[in-house]
Amino acid sequence: MSPSSADRPGTAPGVPGPAEEAPAGRAYARLLLLSVLMGVPVALACFFFTALQHRLQQAVWQDLPRAAGFAEPPWWWPLPALLLAGLLLVPVVTRVPGRGGHLAVRGLARSPSGPAAVPGVVFATLATLPLGVVLGPEAPLMALGSGLALLALRPARRKADPRTAMVLGTAGSTAAISTILGGPLVAAVLVVEAAALAGPRLVALLLPCLLASAAGALVFTGFGRWTGLGTGGLSLPEVPPAANPDAGDFLWGVPLALVITVVLSAGHRLGRRTADWTARHTAVRTVACAVAVGGCLTAYALLTGRSPEEAALSGQATLGTLAADPHAWSVGALLVLVLCKTLAWSVCLGSMRGGPIFPAVLIGAAGGLACAGLPGLGTAPALAAGVATATAVVTRLPLASAVLAVLLLGRDGSDQTPLIVVCAVIGYLTARLVEHRDDDAGGQLGDADGAGGRPADRDGTGGGGPAGPVRA
């Protein structure tokens, strides 16, 4: 692909430009077949990867405390756990090729990761996320999926046909992330919206991604039932009783969406400053950031008297528990959870390795449920507004965020669709407004790749907005 077509805004690498037709014929048919075949091993690798991460997480936060004589992790548990996470991460971010992946504050990915980056990403994820790092597995999974997909192409062919390599790498990323988002639909919508394509270019990218993620989802689901291993995907087994939205839900939902957006945007701003701070003296400052995260989790336990595990990790387990029984938390405990989780998430964004989405979803859900007692605002609408807003703020993809919220909430999501859409749009627009104001205040430093006025990451990867949208 020529540099001119690569530099055009709205044109994703790996797909035809505006003047080109959608691929057809034997070459594209082979690409589709390769996408299906590639989806199977990618799903298997992602299944065992997430299952191992989930098991390590259980060992750190459940088995070890019980073996030490505690019914649940004591308040001080996050301090040594996060210190160890920082020490384990330092050699990866300073010496290993790919540095364990890009910083979470830069987003999910701007381009597929190569095979050389996979070992570092795998080690950084398995060595740190189970210890309590407040990030999700989505970015490491995408790096793993794209790296394994590109292994299917010989290096010579990747250089000779970069367009095919980019499409196949993106399909691998989509197949990987679909395994924890409940299936291929959300992942496909996410990729389509992030690519911002239309016509034949859209079809050229969408079909391989759909086929790869569908094949992967079949394998992933089958292995989950066969082995009985947990993977910690984003899901809500139980949700509050369904309720049709009314005027009160919208009257409270709109300001609630604004508040959640401001909180998450402030957290992302702190993440950017943390990233700038850790760019120098990386080893020492990475460990310091890890200890600071441990301090935030400890503060949550001391202030609420609850387990620090609720504020640690990516938040999938806490999100499910919170949705199933929101009244088990007092309003004060929910507000402390929002505060401590946001601070820990912010520091992790600029210093650790992982994905930015899952913790933000929990922050939005907790913030929404803390306001559920307001007159005229029900529990289900508050949860829907929080999830939709947070997802839109952190991904900058309002359509994918609305689809994810609807599917995540099940029947409640269908009932709350109008409110979900409104909150997703409000979150997206407000976050963009806040970002542009921050850029103006900071002198519009422009990043190395020209995207979003962000300085380039020290590992050479750029980023989008608060969680920079996935770039195809």
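**Entry 1: the lining of the largest cavity**

I sorted the residues that line the largest cavity and got nine nonpolar, three polar and one charged. A reminder to myself: this is a predicted model.

The volume of this largest cavity comes to about 70 Å³. Its lining has 13 residues, and those closest to the centre are Leu181, Leu190, Ile357, Thr395 and Leu404.

Which helices each supply at least two residues of this lining? I found helix 8 (184-195), helix 14 (357-370), helix 15 (379-395) and helix 16 (398-409). Helix 16 gives the most, with three residues.

I also searched the whole structure, and the search turned up four cavities of 30 Å³ or more.

Phe70 sits in the loop between helix 2 and helix 3 (78-95). Its relative accessible area is 31%, so I put Phe70 down as partly exposed.

I located His281 in the loop between helix 10 (247-278) and helix 11 (282-304). Is His281 buried or exposed? His281 is exposed, because its relative accessible area of 52% passes the cut-off of over 50%.

Leu313 belongs to the loop between helix 11 and helix 12 (316-324). Is Leu313 buried or exposed? I have Leu313 as buried, because its relative accessibility is 4% and the cut-off for buried is under 20%.

So my notes on this pair read: His281 in a loop and exposed, Leu313 in a loop and buried.

My last stop was Tyr28, which I placed in helix 2 (residues 26-67). Tyr28 has 9% relative accessibility and therefore counts as buried, the cut-off being under 20%.

How many residues apart in sequence are Tyr28 and Pro208? I make it 180, while their C-alpha atoms are 9.4 Å apart in space.

Notes:
Residues are numbered from 1 along each chain as its sequence is written. This is a predicted model: local features need pLDDT of at least 70, side-chain atom pairs count only at pLDDT 80 or more; totals for chains, interfaces and linings use all residues. Side-chain values use heavy atoms; hydrogens and water are left out. Helices (H or I, at least four residues) and strands (E, at least two) are DSSP runs, numbered from the N terminus. Buried means under 20% relative accessible area, exposed over 50%, partly exposed in between (1.4 Å probe, protein chains only). On a 1 Å grid over the protein atoms alone, a cavity is a set of points where a 1.4 Å probe fits but cannot get out, and a pocket is an open set with protein on both sides within 12 Å along at least five of seven lines; lining residues have an atom within 4 Å of a point. Grid points are joined across faces, edges and corners, and a volume is the space filled by probe spheres set on the points. Ala, Val, Leu, Ile, Met, Phe, Trp, Tyr, Cys and Pro count as nonpolar, Asp, Glu, Lys and Arg as charged, and the others, Gly among them, as polar.
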